[in-house]
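Please consult the sequence and the three-dimensional structure shown here. The briefing that follows is grouped by topic.

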Amino acid sequence: MLGVLGMGLAFRSALLLAGRGRPRRGPQPAFVLTGPYLRMRNPVFAGLVLAVTGAALWSGSQWGALVVAVAALAAHGWVVAVEEVQLRRRFGEAYMEYVRRVPRWIPLRRGPRED
């Protein structure tokens, strides 16, 4: 079940990045601010890690647990060292405000924090 939920999260998030499922009315933000992106900044990677975790639990494999750990560390390293740097350059203060309001990995129960 965890694997299916993870794949659903990753798929939905990827569709939003591709421009599908975005609101059609009102101003279109330069980056995605809808769906899972309102609760966490990296739902594609989070969904994929959940999917791999589900597969590892289902198989009961120790190698699977190692794959989960490596995938999670690789995703975190990529996000911090590459993706966030590029997004800061591209979107500037708008992205920094998003970073202040929305956590990287652990989803908010409600929409973005109001500071």
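**Helix packing and salt bridges**

Helices H2 and H3 run roughly antiparallel to each other, a label for angles over 145 degrees. The model is predicted, so local features need pLDDT of at least 70 and side-chain atom pairs count only at pLDDT 80 or more, whereas totals for chains, interfaces and linings use all residues. Residues are numbered from 1 along each chain as its sequence is written, and side-chain values use heavy atoms, with hydrogens and water left out.

**Helix pair H2 and H3**

- The axes of H2 (residues 43-59) and H3 (residues 62-91) come within 8 Å and cross at roughly 170°; helices are DSSP runs of H or I with at least four residues, numbered from the N terminus.
- Axes are lines fitted to C-alpha atoms, for helices over the stretch in contact, with angles from 0 to 180 degrees between N-to-C directions.
- On the H2 side, the contact (heavy atoms within 4.5 Å) is made by Phe45, Val49, Val52, Thr53 and Ala56.
- H3 contributes residues including Gly64, Ala71, Trp78 and Glu83.

- The structure holds five salt bridges, each defined as a side-chain nitrogen of Lys or Arg within 4 Å of a carboxyl oxygen of Asp or Glu.
- One of them joins the side chains of Arg41 and Glu84 at 3.0 Å, N to O.
- Arg41 lies in the loop between H1 and H2 and Glu84 in helix H3, 43 residues apart, and the pair thus links distant parts of the chain.
- Arg41 counts as buried because its relative accessibility is 10%; buried means under 20% relative accessible area, exposed over 50% and partly exposed in between (1.4 Å probe, protein chains only).
- Glu84 is likewise buried, at 6%.

**Salt-bridge network**

- Glu93, Glu97, Arg100 and Arg101 are linked in a network of salt bridges.
- Glu97 pairs with Arg100, their closest N and O atoms being 3.1 Å apart, and with Arg101 at 2.4 Å.
- Glu97 and Arg100 are separated by about one helical turn because they are three residues apart in helix H4 (residues 93-101).
- Arg101 and Glu97, four residues apart in H4, are also separated by about one helical turn.
- Glu97 is partly exposed at 29%, as are Arg100 at 38% and Arg101 at 21%.

**Helix H1**

- Leu5 lies in helix H1 (residues 2-17) and counts as exposed because its relative accessibility is 54%.

Notes
Helix = DSSP H or I, 4+ residues; strand = E, 2+ residues; numbered from the N terminus. Parallel < 35°, antiparallel > 145°, perpendicular 65-115°, else oblique.
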